[in-house]
Amino acid sequence: MQQITLIRPDDWHVHFRDGEALKETVPHHAQRFGRAIVMPNLKPPITSVSLAKNYRQQIVAATPKDFDFNPLMTLYLTQMTSPEDIEQAKESGIIYGVKFYPAGATTNSDAGVTDIFRLIPTLQTMAEVGLPLLIHAEVTDPAVDVFDREKIFLESVIKPLLQKVPDLTVVLEHVTTKEMADFVIDAGDQVAATVTPQHLLYTRNDIFKGGIHPHLYCLPILKREQHRERLREIVKSGHKRFFLGTDSAPHSQSAKESSCGCAGIFSAPCAIEIYAEIFELLGALDKLEGFSSCYGADFYGLPRNKTQITLIKKPWAVPESYPLDSKNRIIPLKASETLHWQLT
Ligand code: NCD
Ligand code: ZN
């Protein structure tokens with residue numbers, strides 16, 4: 001196949017950052033995607049409708065004129081988020097999910113949740129008004145091995161939580177383990193997962209191949225081959241509750257290449273191109289459109305996009321870096337490597 005036309009895809013998990021960076025991060029997405037679920041882990045985090053409105057305006061201002069790109073905003077769940085906050089978020093019409101970061105789990109999660117079981121009334125209101133909980137599913141106990149944090153979170157948080165609030169709609173973000181993926185399959189129709197390019201492409205060995213690769217460090221961290229294999233099988237099967245979420249998470253080159261480097265992989269400039277490459281490798285190009293353009297919209301109860309994108313098979317080299325702002329550069333996923341699918 002030399003050309004693929006897809007219903008315009010959506011990205012159900014992205015970090016755009018704020019300030020000057022928006023001019024560099026948003027256009028990559030506007031070119032490729034119709035909509036994106038925008039993560040709220042700014043400093044300070046997006047904890048109210050007014051902050052979300054303001055942030056959305058900044059994203060719209062950074063969107064190139066020719067593109068009809070719709071940023072779908074999220075609210076950052078804190079221990080203080082009330083049922084009234086949830087009602088206001090729903091009424092705003094601009095908020096599509098509430099993001100649950102366990103405090104300390106990842107970048108800018110310090111203001112996150114310390115005890116989700118004390119937020120049951122808030123979660124019940126989410127279930128009633130129909131706002132999904134978007135979960136960073138990792139325990140933060142430093143005694144737990146970093147590679148086991150998702151698996152243990154499933155048992156200690158997800159399962160008991162869904163027993164307490166069974167009608168809650170949940171997206172397990174950036175799923176990385178076969179345990180969590182199999183749980184999603186067995187759970188009801190109100191549980192879904194996003195899948196990143198990096199967790200389909202790589203295993204934890206790639207972080208350490210011939211030396212340490214800071215640009216492959218993200219959270220949840222890359223896992224063993226058996227987990228990548230399971231994620232690949234599932235997307236290859238066209239499971240309708242597994243859909244595209246890049247988790248593109250820009251950090252400057254200096255913040256990544258540091259004695260204490262940040263977690264996050266920047267895939268925005270070539271995200272759909274990389275997924276196309278993965279689905280081709282899996283012999284499942286016919287499943288790409290469902291994964292990238294249909295299942296997420298269906299799950300969120302939104303119409304599929306009306307326009308299309310076309311990818312052609314024509315090799316191109318991913319640039320070694322992009323600007324992030326006036327001072328910093330950023331290294332993308334697949335930097336200086338050749339990709340075979342190109343956006344027309
Ligand atoms: C994300 C970031 O940098 O904001 N980092 C990451 O490694 N994925 C936060 C997150 O989604 O965990
Ligand atoms: Zn993320």
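**View 1. Histidines H13 and H15 in the predicted model.** H13 is buried, and H15 is buried as well; both belong to a model that is predicted. Through their NE2 atoms, H13 and H15 take part in coordinating the zinc ion (ligand 2), and an N or O atom in the side chain of H15 also lies 3.1 Å from an oxygen atom of ligand 1.

View 2. The zinc ion (ligand 2) is held at 2.0 Å by NE2 of H13, NE2 of H15 and OD of D247, donor residues whose spacing along the sequence reads H-x1-H-x231-D. The arrangement is irregular because the 4 donor atoms around the zinc ion (ligand 2) subtend angles of 93 to 139°, whereas a tetrahedral assignment would require all angles to lie between 85 and 135 degrees.

**View 3. Surroundings of ligand 1.** Ligand 1 sits in the largest cavity and is surrounded by 15 residues, of which R17, T106, L219, D247 and H251 are the closest.

**View 4. Polar contacts and burial of ligand 1.** An oxygen atom of ligand 1 lies 2.8 Å from a polar backbone atom of L219, and an oxygen atom of ligand 1 is found 3.0 Å from an N or O atom in the side chain of T107. Taken alone, ligand 1 exposes 310 Å², and the protein buries 100% of that area.

Methods
Residues numbered from 1 in each chain as written. Chains lettered and ligands numbered in written order. Predicted model: local features only at pLDDT ≥ 70, side-chain atom pairs only at ≥ 80, totals over all residues. Heavy atoms only, no water. Donors = N, O, S within 2.8 Å, 3.2 Å for Na, K, Ca; no water. Tetrahedral: all angles 85-135°; square planar, octahedral: opposite > 155°, others 65-115°. Buried < 20%, exposed > 50% of the residue type's maximum accessible area, 1.4 Å probe, protein only. Near = heavy atom within 4 Å. Polar contact = N/O pair within 3.5 Å; in protein donor to acceptor, adjacent residues only side chain to side chain. Areas by Shrake-Rupley, 256 points an atom, 1.4 Å probe, with all protein chains shown as cover. 1 Å grid on protein atoms, 1.4 Å probe; cavity = no way out; pocket = protein on both sides within 12 Å on 5 of 7 lines; lining within 4 Å. Sits in = over half its atoms within 2 Å of the grid points.
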